[in-house]
Amino acid sequence: MDELSDDDLMRLFCDGHKEAFGALFARHHGCVYGFARMMLHRPEAAADVLQETFLAALRGAERYLGDGRFRPWLLRIARNLCVNRLQAERALRAVMSAGRMGMDQERWASREPTPAAAAEQADERERIRLAMAELPERQREALALYALREMTYQDIAEAMEAPLNTVKTLIRRARAGLAAKLTGDHDAP
Amino acid sequence: MHPEIPCEDLAAYLDADLDVDRRRELDGHLAACQACQERLATLRRADTGLRMLGRAAVPAQAVLRAYQAVSAELAPPPPAEVLMLEQAAAMLQVTPRELAEVMDELPLFEIAGQLRIRRARLLEWVQQRERNYSRQRSESWAARAAAGVGKGVA
């Protein structure tokens, strides 16, 4: 099935050839996980998003337009799932900070490394991950998509449901911000 | 960071997404400005690092779990435990009319005025018929054999 396009595979799948979806999974699971891993703090959460993304794609296969934009469509699903999770985490933290769960909050906080301290010992990959975690969420989202192979600005704009120029600006600011954090220049955007 | 070239322009420079005049301007500036060369190099390093992150290997456990979840979703639903007569006929590869001929033997039950049969009970019934048929054939062969022997003796 390697020679078939994503759209061919989706058509086959919708026609009842279930194995076609397995081929799509094999082709795209890496980018979905890679994106989720950059968006979320914990690898287990990224693994959850990987699973949920493909289940959502499978259940919503009929909504795919078949316009040759499968990967951006898939990453849009992954992005929405990540955003929902981050919102839920924020809400949970807000509840914890209300005071009644003070001890749990400390435990929660300890699970997320303090970027400055952890970066000292982390390898380059981890340093970048930590620097990314300090960026505003929207920039991090754009950057996580930008980091994926074969994602054009147009693909990213589709995945983020945002205008192309907005996305370009967002990504360039994010890259500059990331570079600044990596060199310890926190005045840059 | 050096204020002369905005960060976004440096990123656009790396993307080769500047118009010719602006690109030429930046080329000229970069040739003379050590600080901006370093900023550009840092940006390149960040880009390389990002691509590295984007290619991070997926843990085998995560792939397996997701694949199993997808496979489970794609698996056909388990067969119904209770069948309508048409479904029972289809399962036995006969027409409903043919099934009606053995209706009295079938372990049916009635619900809301409709006849139904449990899949498991239908299979038991089939097995019973297999045994009966096998026994009848054995008896028939034995009888024919006995008749043959009798003729031979006579």
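What percentage of the 189 residues of chain A count as buried? The share is 40%, as computed from a predicted model. Chain A contains ten helices and zero strands, whereas chain B includes an open sheet of three strands, and the two chains touch through 39 residues of chain A and 29 residues of chain B. The points below take up chain A, then the contact between the chains, and then the sheet of chain B.

**Chain A as a whole**

**Helix α3 of chain A**

- Helix α3 of chain A covers residues 43–59, which makes 17 residues, and reaches 24 Å from its first C-alpha to its last, close to the 24 Å expected at 1.5 Å a residue.
- The buried residues of α3(A) include A:Ala46, A:Ala47, A:Val49, A:Leu50 and A:Phe54, and A:Gln51, A:Glu52, A:Thr53 and A:Ala57 also belong to this list.
- These buried residues of α3(A) pack against α2 (19–39) and α4 of chain A, together with α4 of chain B.

**A:Leu75 in helix α4 of chain A**

- A:Leu75 has its place in helix α4 of chain A, which covers residues 70–97, and A:Leu75 counts as buried because 26 other C-beta atoms lie within 10 Å, where 20 or more are required.
- Leaving aside residues up to four places away in sequence, A:Leu75 touches A:Cys31, A:Val32, A:Phe35, A:Leu145 and A:Ala159.
- The C-alpha atoms of A:Leu75 and A:Ala36 are separated by 9.3 Å, although these two residues are 39 residues apart along the chain.

**Helices α8 and α10 of chain A**

- Helix α8 (residues 137–146) and helix α10 (residues 164–183) of chain A pack with their axes 9 Å apart and at an angle of about 95 degrees, so α8(A) is roughly perpendicular to α10(A).
- From α8(A), the contact is made by A:Arg138, A:Gln139, A:Ala142, A:Leu143 and A:Tyr146, while the residues from α10(A) include A:Val167, A:Leu170, A:Ile171, A:Ala174 and A:Leu178.
- Sorted by class, the contact of α8(A) with α10(A) has eight nonpolar, two polar and three charged residues.

**The contact between the chains**

- On the side of chain B that touches chain A, 29 residues are in contact with 39 residues of chain A, and the elements that give two or more residues to this side are α1 (7–14), α3 (34–54) and α4 (60–74) of chain B.
- With ten residues, α3(B) gives the most to the side of chain B that touches chain A.
- The residues on this side of chain B divide into 20 nonpolar, three polar and six charged.

**The sheet of chain B**

- The open sheet of three strands in chain B has the order β1-β3-β2, with antiparallel pairing, and its edge strands, β1 (82–84) and β2 (108–111), each pair on one side only.
- Neighbouring strands of this sheet are turned against each other by 45 degrees on average, with direction ignored.
- Strand β3 of chain B (residues 114–118) is joined to β2(B) by four bridges, and these two strands run antiparallel.
- B:Phe109 stands opposite B:Arg116, a residue of β3(B).

Methods
Residues numbered from 1 in each chain as written. Chains lettered and ligands numbered in written order. Predicted model: local features only at pLDDT ≥ 70, side-chain atom pairs only at ≥ 80, totals over all residues. Pairing = 2+ DSSP bridges. Axes fitted to C-alpha atoms, helices over the stretch in contact; angles between N-to-C directions. Buried ≥ 20, exposed ≤ 12 C-beta atoms within 10 Å, placed from the backbone. Contact = placed C-beta atoms within 7 Å. Nonpolar A, V, L, I, M, F, W, Y, C, P; charged D, E, K, R; others polar. Parallel < 35°, antiparallel > 145°, perpendicular 65-115°, else oblique. Expected span 1.5 Å × (residues − 1).
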